[in-house]
Amino acid sequence: MSFNFFTPIKSTVVAHLMSQSAASLGHKIEAYTLENGFPDLSGVNIAVIGVKDGRGANENEGCGEELQYIREKLYELFPGNWHTKIADLGNIEQGSTPKDTCFAVASSIEALLKKNIIPILIGGSQDITYANYRSYDSLEQTVNLVSVDSRFDIGSIDEELSSKSFLSKVIMEQPNNLFNYSNIGYQTYFNSQDEIQLLDKLYFDAFRLGEVKDVTLVEPIMRDADIVSVDIGCVRQSEAPANNNASPNGFYGEEICAIARYAGISDKVTSFGIYEYNHRLDSNNQTASLIAQMIWYFIEGVNARAKDYPFVTKENYQKFTVLLSDDDPINFYKSDKSGRWWMEINLISNNKHKRHALIPCNYKDYEQALKRKMPDRWFKAQQKLV
């Protein structure tokens, strides 16, 4: 499939890069420019994509524009000791209709996934997450979606696709490839009790902002994700003003960067998006700088992947069997390589959800099982797998 939906980055970004150190990240990125054309994707591991469509934004008109400010701040940074090859594919322009944009995004991400390239999406309204989700249809496997957001954005299946209703489309529309949805950082007063109860009935995971202030708890959630979607409005307004729905409460800058790094470290995450950036509301490019640093931390995480998910063999793992009752065992596996933990659910061999039989967890889940208390994540996964 050709990548003919993209337009090159602005010449002002190229001009800005020329004033930066030769050691800066921008000089290490293969970028789609008017001068150099579309980059060769041979050997590329990560691709940055701008999506310039904010029509689905809820009370945040203007998001998806002026993405060059994020790129300028990203290009200014210095890379870590990285082994990944990075490309910037430019922008997907706003289509004649939102469906046109959705098709362009889904088709482009699908092509990247087939090349084992991780796309990083920036800009536009968060309903673009739905297009990202649809790009996995051809893989014929169920996927896990993690949203870092103060709101669930469920909406109604009858509503037009928007940033406040995209999750209902993900859950309800066919083909339904969603296995699990997790929300990180929701704020109760922004979500109805009906929505909170609905997620619980569907055995999905939702973690209040206060619960994940210890950001280490985010790691096993991200380790089980395929798609990660971040609404920049989840960051408190004082830290990231470029969002009309930003709140006085939310994550701090260093917390959202740690979360982005956990997403990158996950062996399973294959796409990452940051949405709802509105340059009109930014102050001294503060939000653009934060998003650039989030992208930097995600790439840092990808370079630190342990590749220790026990897909085939469990020889390099310590196995611990805990009996919740006389006939209800849970097998825990601890990686000798990274020290990370998984819980196992027994499945029949031909179950279509076999890739979800190992549930990422932490040592606290193991301790809870030792007390004969069923870990919540194990119970919810069990309900969906059996």
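A salt bridge is taken here as a side-chain nitrogen of Lys or Arg within 4 Å of a carboxyl oxygen of Asp or Glu. By that criterion, a search of the whole structure finds 16 salt bridges. The structure is a predicted model, in which local features need pLDDT of at least 70 and side-chain atom pairs count only at pLDDT 80 or more, while totals for chains, interfaces and linings use all residues. Residues are numbered from 1 along each chain as its sequence is written, and side-chain values use heavy atoms, with hydrogens and water left out.

**Overall architecture**

- The protein contains 11 helices and 14 strands; helices (H or I, at least four residues) and strands (E, at least two) are DSSP runs, numbered from the N terminus.
- The protein is as compact as a globular protein of its length, because its radius of gyration of 21 Å is close to the 21 Å that the globule rule gives for 386 residues. The radius is taken over C-alpha atoms, and the rule is 2.2 Å times the number of residues to the power 0.38.
- The C-alpha trace spans about 70 × 45 × 40 Å along the principal axes of the protein.
- Of the 386 residues, 57% count as buried; buried means under 20% relative accessible area, exposed over 50%, and partly exposed in between, with a 1.4 Å probe and protein chains only.
- Among contacts (heavy atoms within 4.5 Å) between residues at least 6 apart in sequence, 74% join residues at least 24 apart.
- The accessible surface of the protein comes to about 16600 Å², of which 48% belongs to carbon and sulfur atoms. The areas come from the Shrake-Rupley method with a 1.4 Å probe; for residues, only the protein chains shown count as cover.

**Charges and salt bridges**

- The mean positions of the 39 positive and 50 negative charges are 4 Å apart. Lys and Arg count as positive and Asp and Glu as negative, whereas His and the chain ends are not counted; the place of a charge is NZ of Lys, CZ of Arg, CG of Asp or CD of Glu.
- Asp88 forms a salt bridge with Arg71, and the closest N and O atoms are 2.7 Å apart. Asp88 lies in strand 4 (residues 86-92) and Arg71 in helix 2 (residues 68-76), so this pair ties together parts that are 17 residues apart in sequence.
- Lys73 pairs with Glu76 in a salt bridge whose closest N and O atoms are 4.0 Å apart. The two residues both lie in helix 2, 3 residues apart, about one turn of the helix.
- Lys73 is partly exposed at 23% relative accessibility, and Glu76 is partly exposed at 26%.
- Lys213 forms a salt bridge with Glu255, with the closest N and O atoms 2.9 Å apart. This pair links distant parts of the chain, 42 residues apart: Lys213 is in the loop between strand 8 (205-208) and helix 7 (218-223), and Glu255 is in helix 8 (residues 253-265).
- Salt bridges that share partners join Glu219, Arg223, Asp267, Asp308 and Arg340 into one network.

- Asp365, found in helix 10 (residues 363-370), is buried yet has no salt bridge; Arg377, the nearest side chain of opposite charge, is 5.5 Å away.
- Not counting residues up to four places away in sequence, Asp365 touches Phe332, Met343 and Pro375.
- Helix 11 (residues 376-385) is mostly covered, with 7 of its 10 residues buried; among them are Arg377, Trp378 and Leu385.

**Ser182 in strand 7**

- Ser182 is placed in strand 7 (residues 178-186) and is buried, with a relative accessible area of 3%.
- Beyond its neighbours within four places in sequence, Ser182 is in contact with Leu145, Val146, Ser147, Asp205 and Ile221.
- Ser182 and Ile221 are 39 residues apart in sequence, and their C-alpha atoms are 7.6 Å apart in space.

**Backbone features in loops**

- A cis peptide bond, with omega about -5°, joins Gln174 and Pro175; Pro175 lies in the loop between helix 5 (166-172) and strand 7.
- Glu59 is not a glycine, yet its phi is positive at about 55°. Glu59 is in the loop between strand 3 (46-51) and helix 2 and is exposed at 57% relative accessibility.
- Glu140 also has a positive phi, near 55°. Glu140 lies in the loop between helix 4 (128-134) and strand 6 (143-148) and is exposed, with a relative accessible area of 73%.
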